[in-house]
Amino acid sequence: MRKIIISMLVILLVFSELNVSVAEMSIIDPTESEIECEEQLETDSEENLPTQCEEQLEPDSEGNSATVEDKQPEPESEANLTTEEEEQPESESEADLTTEEEKQPESESGEDLTEEEKQPESESGKDLTTEGEEQEESESEENLANACESQPESESKENLAIEGEEQLEFGSEDNPEIDCEEQEEPESEENLEIECTEEFYSGEGLVTESEEPLGLDSEEKLVTEDEEQPKFNSKEKLAPNCKRPRIWSTKIRDIDFSALDDSKNELDEFTQVFTNTGLEFPSGEKNGRTYYMYFGDLNNKRPVNSLVGETYRDYDDDWSRPLPAMDQALNSIGNTYYVQAQNFSVATALAQNPTLPNGIVSYYFGNGIASKHPDGNGLVIAHASTKSHIATFQSGAMPLLKLYKNEKTHELIGYTVVMNGMDVDGYVKIKMSPVRGTEGRINVSMKYLKKSDTYPLTTLAYSVHMDVGMRHENTKLYSLGNHEGFYFNEENMGDGDNYRLTFFRDGYTNHPTAFSTIQRSPSNKPFHMYFQTLSSSNRPVYDPGKDAMYDLKPDPGWAVRWDHINQKPGDVREVNLELAVTDGSGVAPEKGPPVIQLDKDSEYSDNGYRMTGTWKDPDSEYVSLFYIISGSSYHQIGEFKNSNLNTDVPWEYTVPIKQVEKGLDHEIMVYAVDDDSNLSNFESMKIRPTLTITERVFGKDGQVPTEIAPNETLNYEILVDSGYIAKDKGTYGQVTITQTYDTHLKPPTDLNVIDENGQKIGTATYNASTKVIEAKLDAGTPRSKKVNVTFKAEVKDDAAEGEFIVGQATVSGKYSTGDEVNKTSNEVRITIIGSIGVLEFVSAPQVIDFGKKLAISPKNKTYHPINPDTPLAVKDNRPLTSNPSWTMTAKLDTPLTGSTTGSKLDSLRYSYDGNISILTEDASVQIYKKKTENREVVNISETWQPDGDGLYLEVAAGTARADAYTGSIKWVLQNVPINEE
């Protein structure tokens with residue numbers, strides 16, 4: 001029944017004759033060029049090699065060179081080195097002995113140099129002896145040259161040296177032809193004038209019989225600031241005004257090393273790094289040590305904690321040293337020290353106090369600073385014309401230009417170039433990676449791309465001047481026996497444990513074919529002392545037997561070489577060397593099959609069924625994963641590289657939806673096979689459609705209630721969807737649906753069990769003693785049917801206000817297939833309110849005053865009420881389950897009437913929702929409507945605004961008289977649904 005509530009209002013108006021004026025107000029609104037020789041080559045025979053630097057280097061008062069004291073090569077022995085039957089007498093005339101067709105360099109005075117005087121300097125600044133010549137070892141003669149700018153003497157690695165008998169300059173990629181003809185040998189000696197930023201000494205070149213060597217004048221050394229530059233003599237010179245080959249200005253990023261890669265995608269999983277640090281690799285040891293693959297010098301005096309941060313300056317080595325910038329030209333690298341890639345190694349951080357010194361162990365002489373002794377350490381590329389010849393060319397220092405790391409697979413790749421004078425001899429890639437199937441063993445792959453056609457035969461060698469953990473002369477070398485390799489075993493290192501370093505000579509692809517040791521002064525390149533020719537055999541040729549010691553005192557050194565080949569320009573050759581730095585010496589663990597694990601919480605996605613799990617394998621390089629669906633043929637998930645042996649590797653795979661159609665049962669079994677055909681365990685799971693159970697409750701209006709009053713009725717639904725589709729042949733079997741009935745409710749009525757089409761498919765009963773509703777499905781009901789259990793429940797009269805009515809259902813039992821079901825629905829909760837509430841006025845204004853200064857005007861005038869004495873406010877306390885709503889209307893109970901004149905004004909207006917209505921005695925006007933959503937008070941008069949909704953007075957011109965007007969308004973509140981008004 002429609003309820004109407006009425007409130008009366010008296011209105012008082014007083015008009016007087018007033019003069020009204022309006023004040024007006026105005027508002028003002030405010031508002032690369034190519035390098036030439038020019039770089040030119042001059043023919044001044046007696047001049048030294050000047051540089052185009054900011055400072056001209058001058059000799060000191062005595063004409064001697066300054067000595068660089070930091071990081072100089074250390075003399076190994078006071079004995080002079082000679083080869084068998086090769087000691088040469090000195091000429092009585094003090095003239096040097098010359099080879100056939102060779103011209104001797106002259107001193108600055110023009111006199112022939114003695115043999116002693118014409119010694120070339122090594123790369124480190126030490127004089128080298130040729131066969132039959134004495135090796136000068138005085139430290140005072142070990143001066144490094146700075147070819148350009150004045151360098152601080154303390155930065156020893158910044159000083160560049162000349163090695164061997166030929167000045168090698170960092171130059172071209174592909175032996176480019178020079179833009180000018182070679183000049184005939186002039187009568188006088190010509191010196192090269194080279195722009196200082198382009199001098200780079202990278203290696204040693206030995207001359208053939210028909211060539212004249214480049215040499216230093218007798219008493220001259222390479223000099224630092226304020227010292228005289230050395231003079232070079234050369235048979236072949238570039239013509240004046242010629243242009244230096246293009247490679248001198250080539251940027252590092254533009255050098256194409258791709259021919260050395262194993263595949264075009266080899267570097268996809270690698271990250272290029274621009275600072276040189278080691279890459280940790282797993283060893284299988286449990287001694288607390290950390291093992292690194294590494295390029296360059298690593299000072300063994302470092303504490304372990306110094307491996308963090310930029311510390312290379314503190315220890316004068318290469319750990320954390322920046323690599324050349326990718327946009328840097330090759331010709332500028334020689335001005336600063338660079339990491340030497342040929343000195344690759346594995347290094348050990350001891351498990352000792354990380355702040356203590358001597359925490360690092362490597363094996364290059366000089367406390368791990370291999371660059372101090374460049375002729376006795378690292379990889380060498382060698383060439384000759386015949387296999388019986390000595391090496392005509394042996395490479396020198398190789399700058400590390402690009403460095404790549406793969407932290408996941410523990411692989412380290414470095415790229416470098418080999419220079420021969422101004423020509424590129426070749427490119428080199430050095431890749432270090434763990435050997436699969438072993439613990440702590442590293443394979444070093446060295447690939448050499450030949451670019452030069454100067455010499456037909458090529459070989460590679462690797463030598464080490466041994467110094468394990470700074471024990472040098474006490475370093476002991478043992479045999480693995482049967483020429484299989486050799487190892488160093490040093491006891492009681494700084495952390496108390498032993499240290500073992502093994503080099504393997506056999507048992508892998510491209511292993512070295514010859515081995516040589518030396519006992520004295522091993523600071524010589526491999527084809528100087530270890531191997532006399534490219535085809536020299538082992539020295540010693542014997543193997544002392546397993547675990548027997550080679551006699552290498554007092555100065556241990558060794559070298560290995562690979563067979564020479566006739567390598568053409570453009571050909572790539574790969575050699576390998578394997579070593580291990582663990583107590584286990586790289587011994588392979590026991591072999592075993594892979595192990596696979598399958599997660600049980602896999603799920604359907606848009607594309608199919610997503611499976612996840614892990615696998616691991618103790619020894620194989622690759623593992624393949626497979627799956628089988630419901631006994632059908634197998635399908636391959638994929639083949640995976642076993643980068644971390646015996647370590648769980650996550651995998652995931654989505655089975656195509658056509659193989660596992662949703663809504664049906666499927667059984668999936670997964671397994672793994674390694675590359676030795678070992679079969680893993682089998683893991684399986686059953687894919688079953690996901691069952692859902694949902695409970696819902698509605699009020700009498702069909703809406704979901706949040707509160708309910710006594711004697712009101714609720715309608716319940718319990719929906720069960722098994723997830724199966726019509727193709728499935730199973731039934732619900734012994735599955736039942738139950739719900740514990742809430743005690744605030746009277747016994748349920750109208751219990752039904754129906755399907756999605758409203759057809760009865762079961763029976764529901766209520767047990768008053770257990771307070772449980774139970775629904776059973778008819779026998780044979782297909783589980784592809786959706787089940788709906790419905791019932792009605794009325795709230796008891798005495799249901800306590802503020803308590804809750806709670807409902808939650810469960811489905812359990814077994815399908816006809818034997819699969820168990822047990823799942824609980826969501827919980828529905830409704831608040832009980834105390835009584836059936838009412839819709840009522842909270843307050844209504846008794847007087848609405850439009851003010852005392854209303855004026856009679858020849859124009860229409862509008863007046864808005866002053867705040868009413870009390871607000872016009874409403875509250876709806878009815879249950880929200882009934883979806884209540886209400887409206888309010890207004891009409892004049894008595895019109896506005898003058899108390900003296902008795903004249904009437906039809907001037908009251910009400911604006912609401914964009915509509916303007918005139919209040920009269922004849923009809924009610926809607927002034928507000930509201931759907932109740934909460935129990936808050938609604939203040940209607942608070943919404944009255946001059947430019948919006950609300951009551952106001954509009955007096956037409958000439959209608960008002962000087963009088964006081966009063967009238968009354970009737971407010972009517974109705975519970976009429978909004979859509980029924």
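Is Gly359 buried or exposed? At 0% relative accessibility, Gly359 counts as buried. Keep in mind throughout that this is a predicted model.

**View 1**
Start with the loop between strand 8 (344–349) and strand 9 (360–361), which is where Gly359 lies. Now look for Asp495: 136 residues separate Gly359 and Asp495 along the chain, yet their C-alpha atoms are separated by 8.4 Å.

**View 1. The whole chain, for orientation.**
Before zooming in again, here's the overall tally. The protein chain has two helices and 57 strands. Of its 981 residues, 52% count as buried. The accessible surface of the chain comes to about 44800 Å², and 45% of that belongs to carbon and sulfur atoms.

**View 2. Strand 10 and the strands it pairs with.**
Strand 10 covers residues 378–384, and seven of its seven residues are buried. Strand 16 (residues 457–465) pairs with strand 10 in the antiparallel sense, over seven bridges. Strand 11 (residues 393–394) also runs antiparallel to strand 10, joined by two bridges.

**View 3. Strand 52, wrapped up by the rest of the structure.**
Five of the five residues of strand 52 (residues 908–912) are buried, so this strand is largely enclosed by the rest of the structure. In a regular strand the side chains alternate between the two faces of the sheet. Here, Leu908, Tyr910 and Tyr912 point one way, while Arg909 and Ser911 point the other way.
Strand 52 has partners too. Four bridges join strand 52 to strand 56 (residues 950–955), and the two run antiparallel. Strand 53 (residues 915–918) pairs with strand 52 over four bridges, again in the antiparallel sense. Ser911 shows both pairings, standing opposite Gly950 in strand 56 and opposite Ile916 in strand 53.
Strands 52 and 53 form a hairpin with two residues between them. In that turn, Asp913 has a positive phi of about 55 degrees.

Asn482 isn't a glycine, but its phi is positive, near 60 degrees. You'll find Asn482 in the loop between strand 17 (477–479) and strand 18 (485–490). Asn482 is exposed, with a relative accessible area of 63%.
Lys771 isn't a glycine either, and its phi is positive at about 55 degrees. Lys771 sits in the loop between strand 38 (760–767) and strand 39 (772–777). With 34% relative accessibility, Lys771 counts as partly exposed.

**View 4. Salt bridges, pair by pair.**
Side chains of opposite charge can pair when their charged atoms come close. The count for this model comes to 28 salt bridges, and here are a few to pick out.
Arg561 and Asp563 meet through their side chains, at 3.5 Å from N to O. Arg561 counts as buried at 5% relative accessibility, whereas Asp563 is partly exposed at 40%.
Asp819 forms a salt bridge with Lys686, with the closest N and O atoms 3.1 Å apart. This pair links distant parts of the chain, 133 residues apart: Asp819 is in the loop between strand 42 (809–814) and strand 43 (820–824), and Lys686 is in strand 32. Asp819 is buried, with a relative accessible area of 11%, while Lys686 counts as partly exposed at 45%.
Glu717 and Arg696 form another salt bridge, their closest N and O atoms being 2.6 Å apart. Here too the pair links distant parts of the chain, with Glu717 in strand 35 (residues 713–721) and Arg696 in strand 33 (residues 692–698), 21 residues apart. Arg696 counts as partly exposed, at 37% relative accessibility.
Elsewhere, salt bridges that share partners join Asp261, Asp262, Glu266, Glu411, Lys429, Lys431 and Lys447 into one network.

**View 5. A patch of negative charge.**
Which residues gather in a patch of negative charge on the surface? They are Glu621, Glu639, Asp675 and Asp676. Asp676 is found in the loop between strand 31 (666–674) and strand 32 (683–687). With a relative accessible area of 42%, Asp676 is partly exposed.

Methods: Residues are numbered from 1 along each chain as its sequence is written. This is a predicted model: local features need pLDDT of at least 70, side-chain atom pairs count only at pLDDT 80 or more; totals for chains, interfaces and linings use all residues. Side-chain values use heavy atoms; hydrogens and water are left out. Patches are made of residues with over 30% relative accessible area and no salt bridge: like charges are joined within 9 Å, nonpolar side chains (Val, Leu, Ile, Met, Phe, Trp, Tyr) within 5 Å. Accessible areas come from the Shrake-Rupley method with a 1.4 Å probe; for residues, only the protein chains shown count as cover. A salt bridge is a side-chain nitrogen of Lys or Arg within 4 Å of a carboxyl oxygen of Asp or Glu. Lys and Arg count as positive and Asp and Glu as negative; His and the chain ends are not counted. The place of a charge is taken as NZ of Lys, CZ of Arg, CG of Asp or CD of Glu. Buried means under 20% relative accessible area, exposed over 50%, partly exposed in between (1.4 Å probe, protein chains only). Two strands pair if DSSP finds at least two bridges between them.
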